[in-house]
Amino acid sequence: MSNEDKKHRSHLPMRNTVPARFIPYDAKDPDMVKTPIEQLRPPEGAPNVLIVLIDDAGFGASSAFGGPCATPAAEKLAAGGLKYNRFHTTAICSATRQALLTGRNHHNAGMAGITEIATGQPGYSSVLPNTISPLAKTLKLNGYSTAQFGKCHEVPVWQSSQVGPFDQWPTGGGGFEYFYGFIGGEAHQWYPSLVEGTTPIEAPKTPEQGYHLMEDMTDKAIGWIQQQKALAPDKPFFAYFAPGATHAPHHVAKEWADKYKGKFDAGWDKLREETFARQKKLGVIPADAQLTPRPKDVPGWDDMPGDFKPVLRRQMEVYAGFMEFTDHHVGRLFETLESMGIADNTLVYYIIGDNGASGEGSINGCFNEMSYFNGLQALETAEYLNGKLDQLGGPESYNHFAVGWAHALNTPYQWTKQVASHFGGTRNGTIVHWPKGIQAKGELRTQFAHVIDVAPTILEAAGIPAPEAVDGITQDPIDGVSMLHTFNDAKAPEFHETQYFEVMGNRAIYHKGWTAVTKHYTPWASMTGRPPLDDDVWELYDTRTDWSQSKDLAKEMPDKLREMQRLFIIEATRFKVLPIDDRMVEKINPDTAGRPVLVKGKTQLLAGGMSHLSENCVLNIKNKSHSVTANIVVPQGGAEGVIIAQGADIGGWVLYAHGGKLKYCYNWGGYKHFMVEGATPLSPGDHQVRMEFAYDGGGLGKGGTATLFVDGNKVGEGRVDATLAMIFSADDGCDVGKDGGSAISPDYKAGDNAFNGKVKGVQLSIAEDDGKHVVDPADAIRMAMARQ
């Protein structure tokens with residue numbers, strides 16, 4: 001119960017009426033007690049709350065922490081508040097977000113990794129236990145207005161369609177009253193698959209008209225805050241602002257990238273040295289901190305072929321421009337709070353990264369990130385990439401940078417995103433600003449903190465207890481500890497003394513300054529040979545004297561290492577980490593992973609107008625013979641436009657009418673378009689059109705023959721020499737009656753391709769198994785790295 005207002009806030013929702021002790025017959029009775037209708041509000045003085053969570057940004061990326069990417073909004077916020085230089089995440093996005101929004105360790109909250117690799121084990125299921133109320137729900141049930149903008153990667157994949165259930169959608173069980181953003185791991189910033197609430201919507205304009213998701217979602221957030229304060233000024237808000245930036249694809253207008261022209265010509269090794277020097281000058285790392293050596297799995301700049309270097313330099317210029325552009329729009333949010341006079345009592349967390357910078361672009365980076373997951377990265381030669389140099393960051397690209405840049409942006413630490421064992425994967429610079437609650441300005445805080453500490457901090461600041469029961473269900477204790485005691489005391493003791501880390505076998509334990517760590521796998525290396533867990537080599541660091549984990553003490557102090565290893569097992573047992581699951585191919589396949597699938601059987605009927613269907617919501621027709629059958633109505637004057645499309649300009653397929661004729665296009669990763677066209681125009685009226693694909697077999701990603709039929713009559717046939725084995729697009733989905741997002745076929749334009757007649761329905765069917773599409777496990781492991 002809050003001491004401020006005497007309400008019993010420990011059991012939610014709170015009772016909203018109280019029975020009258022005396023009930024008169026006549027309302028005019030003088031003994032009648034008038035009972036005003038009480039509006040739900042949090043304790044008096046509870047602050048507004050704004051959490052900004054940047055995606056895939058390393059400790060050494062932002063200029064606020066010594067990085068090369070200009071982030072003036074972050075610097076301004078830090079000048080009026082606090083920097084935390086020992087704040088930690090989980091090393092991977094879904095897990096960090098689930099932990100942030102619940103105050104629980106990620107396995108405890110069911111999110112060991114990302115939603116796409118969920119299994120049947122409790123810590124790995126991606127299902128949030130109903131014994132854990134999200135922070136937004138707790139705040140809403142205490143009288144806060146709540147809204148989320150941007151990325152939501154916590155929805156189980158079998159619940160991500162428009163039929164729900166919406167238990168883990170932001171506006172379903174997530175506790176947010178409004179949501180504008182996207183469901184999934186990443187977004188095409190120029191052509192996003194947008195959702196408002198639970199309804200798919202189209203972007204308000206095209207890239208040619210100046211559209212970019214970062215600007216759009218900022219406009220929405222500003223509008224929501226202004227409206228909330230106009231209509232309920234006595235009610236505080238909780239806004240969660242989680243851009244898809246700076247996750248790949250790195251999309252930004254050319255003028256922003258050009259600000260960094262030539263600044264990275266010396267390469268990533270030099271960038272690490274320059275960043276390290278700036279960090280010491282700023283004081284965000286101690287003067288005696290050591291720059292950790294570059295691991296052998298990360299090539300040196302001088303070792304890279306010269307013909308790759310022009311595109312490698314441009315990759316980093318684009319990323320830096322992307323981060324500065326992102327910070328610019330975050331700054332617009334802060335300026336709005338100031339102009340409205342509400343900044344002083346708004347508690348802001350600006351968390352620069354949900355994990356370290358990402359090495360998922362592999363050694364050379366890429367123009368099409370999906371090439372990595374489809375095993376086609378060898379096609380992105382120096383000649384190919386240099387030919388795309390001017391398009392990097394633009395609407396035609398789906399780009400990622402090389403691992404060398406990621407490593408440099410995690411300076412001074414080892415490794416990158418996914419590597420939960422080392423600080424390069426888990427340490428993220430964080431800024432806290434709250435003038436009414438923080439007297440200090442421009443100071444540094446060095447206490448160990450973790451993303452699970454944010455929720456209890458906000459609850460304490462608002463005077464709201466962690467609920468004991470929500471919706472009649474007893475709640476699990478919060479795992480994090482409040483950071484509030486550090487706000488006005490630089491020398492405050494560390495209350496967060498112990499913390500485990502684990503992602504797909506990369507694991508560590510922190511305890512009172514000591515860390516024991518073991519890297520189990522390298523994200524961009526071959527996926528075919530992960531060692532047994534017991535063969536992993538553990539390292540030991542005393543971070544009280546060794547800030548960056550640079551001196552391994554394992555051989556010098558074996559007893560201390562064993563003590564820490566035992567502590568890891570204890571914590572892993574407490575928080576549902578066991579059994580550790582480093583499998584990949586088995587977790588990608590829902591049958592072997594043990595998670596539900598939305599679409600069952602070998603057929604799926606889609607109605608006209610259905611859109612934004614992610615690949616998890618559509619029958620999987622990859623690597624097998626299949627057919628696509630549509631019932632359409634052709635208007636007078638002839639047919640034109642898309643009947644059904646799946647994917648994007650970086651890969652997919654589309655059945656459409658062009659020049660009045662039925663046509664099929666298979667877009668092979670953006671590298672080649674295989675076209676099959678009907679011989680004669682479609683006549684006006686009702687027709688059944690069909691594409692049959694006979695898969696060659698012999699493994700993953702093989703070719704086949706596409707045959708077109710109109711009303712049962714064959715009208716065209718052609719070869720598709722190769723197909724995409726694992727994924728079309730991580731963002732762009734399946735649409736009936738149009739091709740939403742970027743255009744799969746060069747025959748039409750994005751945003752102007754809807755079928756000019758009527759699509760009544762489309763049936764997808766998988767042919768009976770003829771044994772030709774046997775999946776080789778080694779191929780699957782090599783090519784099937786799940787979307788992070």
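**Leu337.** I started at Leu337, which is found in helix α7. Helices here are DSSP runs of H or I with at least four residues, strands are E runs of at least two, and both are numbered from the N terminus. I was working on a predicted model, where local features need pLDDT of at least 70, side-chain atom pairs count only at pLDDT 80 or more, and totals for chains, interfaces and linings use all residues. Numbering runs from 1 along each chain as its sequence is written, and side-chain values use heavy atoms, with hydrogens and water left out.

Is Leu337 buried or exposed? Leu337 counts as buried, because its relative accessibility is 3%. The cut-offs are under 20% relative accessible area for buried, over 50% for exposed, and partly exposed in between (1.4 Å probe, protein chains only). I listed its contacts (heavy atoms within 4.5 Å). Beyond neighbours within four places in sequence, Leu337 touches Leu50, Ile225, Phe237, Ile342, Ala343, Thr346 and Val348.

**Cores.** Next I looked up the nonpolar cores (buried Ala, Val, Leu, Ile, Met, Phe, Trp, Tyr and Cys residues joined through side-chain atoms within 4.5 Å). The largest has 79 residues, and Leu50, Phe241, Met316, Phe334, Tyr350, Trp405 and Ile431 touch the most other members. Helix α7 (residues 309-339) gives the most to this core, 13 residues. Another core lies apart from it, with 44 residues, including Val634, Leu662, Leu682 and Val689. I then took Phe334. Neighbours within four places aside, Phe334 contacts Leu50, Val52, Ala73, Leu77, Val348 and Tyr350.

How many residues of α2 (residues 93-102) are buried? I found ten of ten. Arg97 and Gln98 are among them. The cover over α2 includes β2 (48-53), α3 (135-140), β5 (145-152), β9 (237-242), β10 (346-351) and α12 (454-462). Gly103 follows α2 with a positive phi, near 75°.

In α12, eight of the nine residues are buried. Among them are Val454, Pro456, Ile458 and Leu459. These buried residues of α12 pack against β2, β4 (87-88), α2, α3, β10 and β13 (449-450). Gly463 follows α12, and its phi is positive too, near 70°.

**Salt bridges.** My rule was a side-chain nitrogen of Lys or Arg within 4 Å of a carboxyl oxygen of Asp or Glu. By that rule I get 34 salt bridges.

I looked at Arg41 and Asp234, whose closest N and O atoms are 3.0 Å apart. Arg41 lies in the loop between β1 (11-12) and β2, and Asp234 in the loop between α4 (213-231) and β9, so the pair ties together parts 193 residues apart in sequence. Arg41 is buried, with a relative accessible area of 18%.

Glu443 pairs with Arg445 at 2.9 Å between the closest N and O atoms. Glu443 is partly exposed, at 34%, whereas Arg445 is buried, at 1%.

Arg574 pairs with Glu571 at 3.1 Å between the closest N and O atoms. Both lie in helix α13 (residues 558-574), three residues apart, about one turn of the helix. An α-helix has 3.6 residues a turn, so residues three or four places apart point the same way. Arg574 counts as exposed, at 53% relative accessibility, but Glu571 counts as buried, at 8%.

My last entry is a network: Asp55, Arg97, Lys151 and Asp354 are joined by salt bridges that share partners.
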